[in-house]
Amino acid sequence: MNGRTNRCRALRQVLAGCALTLLAEAGAVASPALSALQGLRGDNGQIHACTGAQAGLAVWCVRAGAPPGGNGTAASPLATISAATSAAKAGDIVQVAAGIYAENVALGSYGNPVGKHLTLLGGFDSGFTGRDSDANATIINGGMVAPCVQLHVNSSQTTTLDGFVLTNGRGLGTDWQTGGGAGGGVHVEQQGAGTTVISHNRIHGNRTYNHASADTRGGGIHAATPSWGGFTGKVHIQDNWIHDNEAGKGAAINVVGRHALIERNLVEGNTGHHDHGGGIYISTADTQVRDNVVRGNVIGATAGYGWGGGIIVAAAGADLQGNTITDNYTPTAGSGVYWDEGATGTMRNDILSRNRCPQGARSAAAIYVDGGPGGPSMVQIENVTIADHHCPGTEPDGAAVVVEGGSAITVRNAIFRGNSRDFATLSGGTVTVSYSITTQAGTGNFSADPLFANAAAGDYHLRSAGGRYTPSGWVVDAVTSPAIDAGDPASDYAQESQPNGGRVNLGAWGNTAQASRTPGGDLIFANGFQ
């Protein structure tokens, strides 16, 4: 990359105005996830008048370097975020101006959550009259002594952390009694029935305790939502740029407990040194993973072996949709996604492309569905594109997708292209594939060139004489993909724009607004088929 990179360092630029340029250069153009990321802003847009202490809702304002003795107003702000969180009462708002805050912000402590929910907002100008977290970077530097931010909350309300840069944090504690060494950037413990929202942050350069030698998790974010005691809390991790963090496992994100939503994040370049989960480690019972870009993450960097370079679902339930998962790596199996011993879930409208080839003969570059002592895993896949995993060294037992140990995978309306081998089954694993472009036998399956728009640049839209979506508008191709209108006749196609042929397209864009159109329709569209 060139000077363009410097212009795109801030979060909004990376995930909005410059997202297309950066991802194009990295070979991840026009993914379902990228389409979602292009609309992001650098913060949630909230801005309030500073009040300092008052009855009812109070807004506490903080500015780095402010004189001591401030009262939290715009004219006399507090100098540290910790001073504001200490002074605030439940429901208050803390607004933080641009600057570097060398502190470890903690709401409650490990095992001792507080009933005080707060809204923490970064990105304000020095007078608190405007907010732009790209122009006004609000940096919390954890000093590599503790997490940048800890949120230990027992509440039925919402706690929010939005618009900050979190760096140089270290995971909490050293053992299970003190925090497990988890969560270098953010450590969350959400009890009660409330929700913790971590949004619009840049989280980088953090690590867990003993990240290179121990099973410590969540270099960027660790979030626990326990269900014991009748708790029904949730965590939402949305619109963040999480990169270059390190951990034993789950170097970017580790979620454990009851429920998590992981949505519209750019998760890249994180390194796991132990053996499971380079990017995202999921062990929550119910997890939604939507519209994320997960790329260039690694597991097993020190161990020399490992499973799940991009995402691991560990004996848990997860639904993946609209994600782009590319260029991740594990030495052993499942460079893209690893469904581990007893995992259950779905994948829909995901693109898995060019994940790096594992070294093991029983490996899977894209997806591994594992069985074992924890029981078989069961996964349903619909309208995905799995492409360009050319790994001849993994044959005869390896493939883009491997299913073993009594586990099962059901695939429908998918496209497999450019893989050394599409599927392999081991130790009683089963694969059922229908209405897909693949070399695998099954109802409605066929092998053909799907005529991607530009696979070399990562654009897996289907070419069509009826109209193909591009970020600058619809275009008409000279040829039409055989994957258009080739899906299961019983599948939903309602999200595809007209003319759609009354049948779903194959691949990641099937049954979405960006599905390529059917040629020969009688409808006339103005403004470039829009």
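Let me begin with how the chain is divided: the domain assignment gives domain 1, covering 54-434, and domain 2, covering 463-521. Please keep in mind throughout that this is a predicted model. Taken over C-alpha atoms, the centres of domain 1 and domain 2 are separated by 33 Å.

I will stay with the interface between them for a while. Contact involves 11 residues of domain 1 and 12 residues of domain 2, and the area buried between domain 1 and domain 2 comes to about 740 Å², with carbon and sulfur atoms giving 48% of that.

Turning to polar interactions, the rule finds 10 residue pairs in polar contact across the interface of domain 1 and domain 2, counting pairs with both residues at pLDDT 80 or more. On the side of domain 1 that touches domain 2, the residues divide into four nonpolar, four polar and three charged. The count of salt bridges between domain 1 and domain 2 is one. In the model, the side chains of Asp488 and Arg412 meet in a salt bridge, with an N to O distance of 3.1 Å.

As for annotation, UniProt, in an unreviewed entry, places a feature called "domain: Disaggregatase-related" at residues 442-487. In the model, the end C-alpha atoms of residues 442-487 lie 13 Å apart, and the span is 0% helix and 28% strand.

Let me now widen the view to salt bridges in general. Side chains of opposite charge can pair when their charged atoms come close. By the rule applied here, the count comes to 15 salt bridges.

I will finish with the backbone. Where is the cis peptide bond? A cis peptide bond joins Gln498 and Pro499, with omega about -5°, and Pro499 is placed in the segment after β39 (473-475). Then there are two residues with positive phi to mention. Met144, which is not a glycine, has a phi of about 55°, and Met144 is found in the loop between β6 and β7 (149-154). Asp327, also a residue other than glycine, has a positive phi near 60°, and its place is the loop between β24 (324-326) and β25 (337-340).

Note on methods
Residues are numbered from 1 along each chain as its sequence is written. This is a predicted model: local features need pLDDT of at least 70, side-chain atom pairs count only at pLDDT 80 or more; totals for chains, interfaces and linings use all residues. Side-chain values use heavy atoms; hydrogens and water are left out. Domain bounds come from an automatic or database domain assignment. Contact means heavy atoms within 4.5 Å. Buried area is the accessible area (1.4 Å probe) that two parts lose on being put together, summed over both. A salt bridge is a side-chain nitrogen of Lys or Arg within 4 Å of a carboxyl oxygen of Asp or Glu. A polar contact is a pair of N or O atoms within 3.5 Å; within protein, one must be able to donate a hydrogen and the other to accept it, and residues adjacent in sequence count only if both atoms are side-chain atoms. Ala, Val, Leu, Ile, Met, Phe, Trp, Tyr, Cys and Pro count as nonpolar, Asp, Glu, Lys and Arg as charged, and the others, Gly among them, as polar. UniProt positions are given in the numbering used here, feature names are shortened, and annotations may be inferred rather than shown by experiment. Helices (H or I, at least four residues) and strands (E, at least two) are DSSP runs, numbered from the N terminus.
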